[in-house]
Amino acid sequence: MAGKVVTSYLNKYGKNIVDSPEFEQAMNQRHHLRSSVGMHTMRVVAASVWICYLLKKIHVHTDSESVVKGALCHDLGILDRDDKFDNNKECYREHPVESVEVAKKLLPDLSEKSEEIIRTHMWPVTSELPTCREGVIVSLADKVVAVRDFLSFGESRFTDGESYSAPALQGMENRNRYSA
Ligand SMILES: [Fe+2]
Ligand SMILES: [Fe+2]
């Protein structure tokens with residue numbers, strides 16, 4: 001059920017991003033030891049949408065479009081990290097701002113809320129707190145998924161059995177198994 005919700009939200013709000021060359025690159029850049037930027041991102045989207053779905057059940061409204069777009073773009077500033085950043089610490093601090101730039105390129109009409117989601121997702125590593133519940137949701141989902149990535153037991157939990165139309169996601173199970 002949750003997988004279907006995630007797929008429908010991705011198709012509705014995220015197709016331009018998922019079909020982009022930047023996302024294709026994200027699927028092929030290693031991240032969190034055993035994952036890729038793209039797979040990590042898909043898990044953060046799935047976890048974020050799942051939280052929104054649960055909140056809706058208790059009548060708490062969230063802006064799903066901003067959540068999906070913000071979550072999809074939150075780490076795209078990590079692409080080409082070795083060319084952009086001198087070390088990991090700099091990457092942790094600076095990539096949210098870089099991600100906003102990539103998001104604006106992919107989505108010229110990026111909402112202020114999506115921008116804030118991207119800019120604040122690394123709190124408390126960065127100092128700016130998310131001020132909207134959507135920012136808190138994506139920041140929380142990112143941290144939970146990062147732990148799962150490192151422990152490598154979070155593979156496609158929310159997307160099993162679903163198919164994505166985007167070429168970038170075809171064969172994602174295979175690409176997710178990075179060995180070095
Ligand atoms: Fe990040
Ligand atoms: Fe992330």
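**Helix packing and the nonpolar core**

In this predicted model, helix α7 (residues 88-106) and helix α8 (residues 112-120) pack at an angle of about 150 degrees, and their axes lie 7 Å apart. Because of this angle, α7 is roughly antiparallel to α8, a term for angles over 145 degrees. Axes are lines fitted to C-alpha atoms, for helices over the stretch in contact, and angles run from 0 to 180 degrees between N-to-C directions. Helices are DSSP runs of H or I with at least four residues, numbered from the N terminus.

On the side of α7, the contact is made by P96, V97, S99, V100 and A103, which meet S114, E115, I118 and R119 in α8; two residues are in contact if their C-beta atoms, placed from the backbone, lie within 7 Å. By class, this contact has five nonpolar, two polar and two charged residues. Ala, Val, Leu, Ile, Met, Phe, Trp, Tyr, Cys and Pro count as nonpolar, Asp, Glu, Lys and Arg as charged, and the others, Gly among them, as polar.

Helix α8 is largely enclosed by the rest of the structure, because seven of its nine residues are buried. A residue is buried if 20 or more other C-beta atoms lie within 10 Å of its own. The buried residues of α8 are S114, E115, E116, I117, I118, R119 and T120, and their cover includes α5, α7 and α9.

A second pair is formed by helix α4 (residues 37-57) and helix α9 (residues 133-151), which pack at an angle of about 130 degrees with their axes 8 Å apart. That angle makes α4 oblique to α9; oblique angles are those left once under 35 degrees (roughly parallel), over 145 (roughly antiparallel) and 65 to 115 (roughly perpendicular) are set aside. H40, R43, V44, A47, S48, I51 and C52 of α4 contact I137, V138, A141, D142, V144, V145, R148 and D149 of α9. In this contact, nine residues are nonpolar, two polar and four charged.

The largest nonpolar core has 36 residues, and V45, V49, V67 and V68 have the most contacts inside it. Such a core is a set of buried Ala, Val, Leu, Ile, Met, Phe, Trp, Tyr and Cys residues joined through C-beta atoms within 7 Å. Helix α4 gives the largest share of this core, ten residues. Not counting residues up to four places away in sequence, V45 touches V6, L10, V68, A71 and L72.

Residues are numbered from 1 along each chain as its sequence is written, while chains are lettered from A and ligands numbered from 1 in the order in which they are written. As the model is predicted, local features need pLDDT of at least 70 and side-chain atom pairs count only at pLDDT 80 or more, whereas totals for chains, interfaces and linings use all residues.

How values were computed:
Helices (H or I, at least four residues) and strands (E, at least two) are DSSP runs, numbered from the N terminus. A residue is buried if 20 or more other C-beta atoms lie within 10 Å of its own, exposed if 12 or fewer, and partly exposed in between; C-beta atoms are placed from the backbone.
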